Amino acid sequence: MVHMGKQFLIGILLVLVCRGAGADASSSISSNIYVERLESGAVRFTDQPQRPDAEVWQTEMTQVTDITMPVRKSAEQHALDARAVEILSPHEDEAIRSNRGQLNIRVKLDAPQPADSEYTFLLNDEFAATNREGALLLDNVDRGTHSLQVRLMDAEGEVLAQSDAVRFHMLRYAIPSR
């Protein structure tokens, strides 16, 4: 059955291509299309029957001269559209106590990471670091409230995915001045 469907489409396309040169898109083709059933069980569509038992399939159809196919994204582009970067650590509004100002960042990507891509880490909307792993240890982060965002970038610098900004609070021991 599937094989017959392919033959049908090929037959229709051949008829349209053979008959379509120079005609208006709204004009009709008035030649017959015949169906021939072969001894092997195969079905053949033709405009020039070779068997006396060929049946007339269709006598008139609208000619199509210009077909515009929709632009389809590749599977990789769909995968990139679906990607989301999520910051696992630190959590939103988390207080981090580290006298050395160390910030342990962990991120998760919801799909396989594309080749030649890397994470770009932004601390307070400024570049902090970049790497291919989904983890990073930043040293000497100042005391106070900060925002963190992570972007997945391709080799050309295009943003493939971006996390929401996470706000956290770095708590460091401060030596009082005398």
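Trainee: What is the strand order in the open sheet of 3 strands, and what is the pairing?

Mentor: In this predicted model, the order is E6-E8-E11, and the pairing is antiparallel.

Trainee: What makes E6 and E11 edge strands?

Mentor: Each of E6 and E11 pairs on one side only. Neighbouring strands of this sheet are turned against each other by 25° on average, with direction ignored.

Trainee: Which strands does E12 pair with, and over how many bridges?

Mentor: E12 pairs with E9 over 6 bridges in the antiparallel sense. With strand E14 (residues 166-171), E12 has 5 bridges, again antiparallel. With strand E13 (residues 159-162), E12 has 3 bridges and runs antiparallel. The cut-off is at least two bridges, so these count as pairs.

Trainee: Which residues are bridge partners there?

Mentor: Thr-120 has Arg-151 in E12 as its partner. Gly-144 stands opposite Met-170 in E14. Leu-152 has Ala-161 in E13.

Trainee: What do E12 and E13 form, and which residue in the turn has a positive phi?

Mentor: They form a hairpin with 5 residues between the strands, and Gly-157 in the turn has a positive phi of about 90°.

Trainee: What makes the phi of Asp-125 worth a remark?

Mentor: Most residues other than glycine have a negative phi. Asp-125 is not a glycine, yet its phi is positive, about 65°. Asp-125 lies in the loop between strand E9 (118-123) and strand E10 (126-131).

Trainee: Why is Asp-125 called exposed?

Mentor: Exposed means over 50% relative accessible area. Asp-125 has 65% relative accessibility, so Asp-125 counts as exposed.

Trainee: Which phi does Asn-140 have, and is Asn-140 buried or exposed?

Mentor: Asn-140 has a positive phi of about 60° although it is not a glycine. Asn-140 sits in the loop between strand E11 (135-138) and strand E12 (144-153). Its relative accessible area is 51%, so Asn-140 is exposed.

Trainee: What is the peptide bond from Ser-89 to Pro-90, cis or trans?

Mentor: That bond is cis, with omega near 5°. Most peptide bonds are trans. Pro-90 is found in the loop between strand E6 (85-89) and strand E7 (94-97).

Trainee: Why is Arg-44 said to form a salt bridge with Glu-36?

Mentor: The criterion is a side-chain nitrogen of Lys or Arg within 4 Å of a carboxyl oxygen of Asp or Glu. For Arg-44 and Glu-36 the closest N and O atoms are 2.7 Å apart, so the pair qualifies.

Trainee: What is the closest N and O distance between Arg-51 and Glu-39, and where do the two residues lie?

Mentor: Their closest N and O atoms are 2.9 Å apart, in a salt bridge. Arg-51 lies in the loop between strand E3 (43-46) and strand E4 (55-58), and Glu-39 in the loop between strand E2 (33-37) and E3, so the pair ties together parts that are 12 residues apart in sequence. Glu-39 is exposed at 69% relative accessibility, whereas Arg-51 is partly exposed at 22%.

Trainee: What parts does the salt bridge of Asp-93 with Arg-167 tie together?

Mentor: Asp-93 and Arg-167 have their closest N and O atoms 2.9 Å apart. Asp-93 lies in the loop between E6 and E7 and Arg-167 in strand E14, so the pair ties together parts that are 74 residues apart in sequence. Asp-93 is partly exposed, with a relative accessible area of 40%. Salt bridges that share partners also join Glu-39, Arg-51 and Asp-53 into one network.

Trainee: How many salt bridges are found in the whole structure?

Mentor: The search finds 5.

Technical notes:
Residues numbered from 1 in each chain as written. Predicted model: local features only at pLDDT ≥ 70, side-chain atom pairs only at ≥ 80, totals over all residues. Heavy atoms only, no water. Helix = DSSP H or I, 4+ residues; strand = E, 2+ residues; numbered from the N terminus. Buried < 20%, exposed > 50% of the residue type's maximum accessible area, 1.4 Å probe, protein only. Axes fitted to C-alpha atoms, helices over the stretch in contact; angles between N-to-C directions.
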